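Please find below my notes on the model.

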Amino acid sequence: MENKGGRPAKYKTKEELQEKIDKYFKQCNEEKEPYTVTGLGLALDMSRQDLINYSNKEEFFDTIKKAKQKVENYLEKRLITDSSATGIIFNLKNNYGWKDKQENINIETNYEQYLKKVER
């Protein structure tokens, strides 16, 4: 990978990066710790923003995407099994683009009909 200025890249190959990612998930499993994006970043010695920057590089895109998808899968399963899901929902919304879906239904009603319904 060519260095175009700035600090040198932490990982030169996707294999080197994958090795660190695998080590992170193995450690989480051994210590019964949850998978998190922040934890993944710490294991890779980078911030969340660095992780995003690496995922924007073609050679690392799939590697980072699969690791984040593994974290997302873990969190999604927790939504089903945990009784307190607020933090998990927050994480899924902020790290994975999840959002609450609101549906607006347009019913063609004139103003007089609407007032009659409201006054009841």
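**Notes on loops and helix packing**

1. Lys-32 is exposed, at 73% relative accessible area (exposed means over 50%, buried under 20%, partly exposed in between, with a 1.4 Å probe and protein chains only). This residue sits in the loop between H1 and helix H2 (37-43); helices are DSSP runs of H or I with at least four residues, numbered from the N terminus. Although Lys-32 is not a glycine, its phi is positive, about 55°. Most residues other than glycine have a negative phi.

2. The model is predicted: local features need pLDDT of at least 70 and side-chain atom pairs pLDDT 80 or more, while totals for chains, interfaces and linings use all residues. Residues are numbered from 1 along each chain as its sequence is written, and side-chain values use heavy atoms, without hydrogens and water.

3. Asp-45, in the loop between H2 and helix H3 (48-55), has a positive phi of about 60° and is not a glycine. Its relative accessibility of 56% counts as exposed.

4. The axes of H1 (residues 14-31) and H4 (residues 58-81) come within 9 Å and cross at roughly 10° (lines fitted to C-alpha atoms over the stretch in contact; angles run from 0 to 180 degrees between N-to-C directions). H1 is therefore roughly parallel to H4, a label for angles under 35 degrees. Residues in the contact include Phe-25 of H1 and Val-71 of H4, where contact means heavy atoms within 4.5 Å.

5. Thr-63 belongs to H4 and is buried, at 7% relative accessible area. Beyond neighbours within four places in sequence, Thr-63 contacts Lys-14, Leu-17, Gln-18 and Ile-21.

Technical notes:
Helices (H or I, at least four residues) and strands (E, at least two) are DSSP runs, numbered from the N terminus. Angles under 35 degrees count as roughly parallel, over 145 as roughly antiparallel, 65 to 115 as roughly perpendicular and the rest as oblique.
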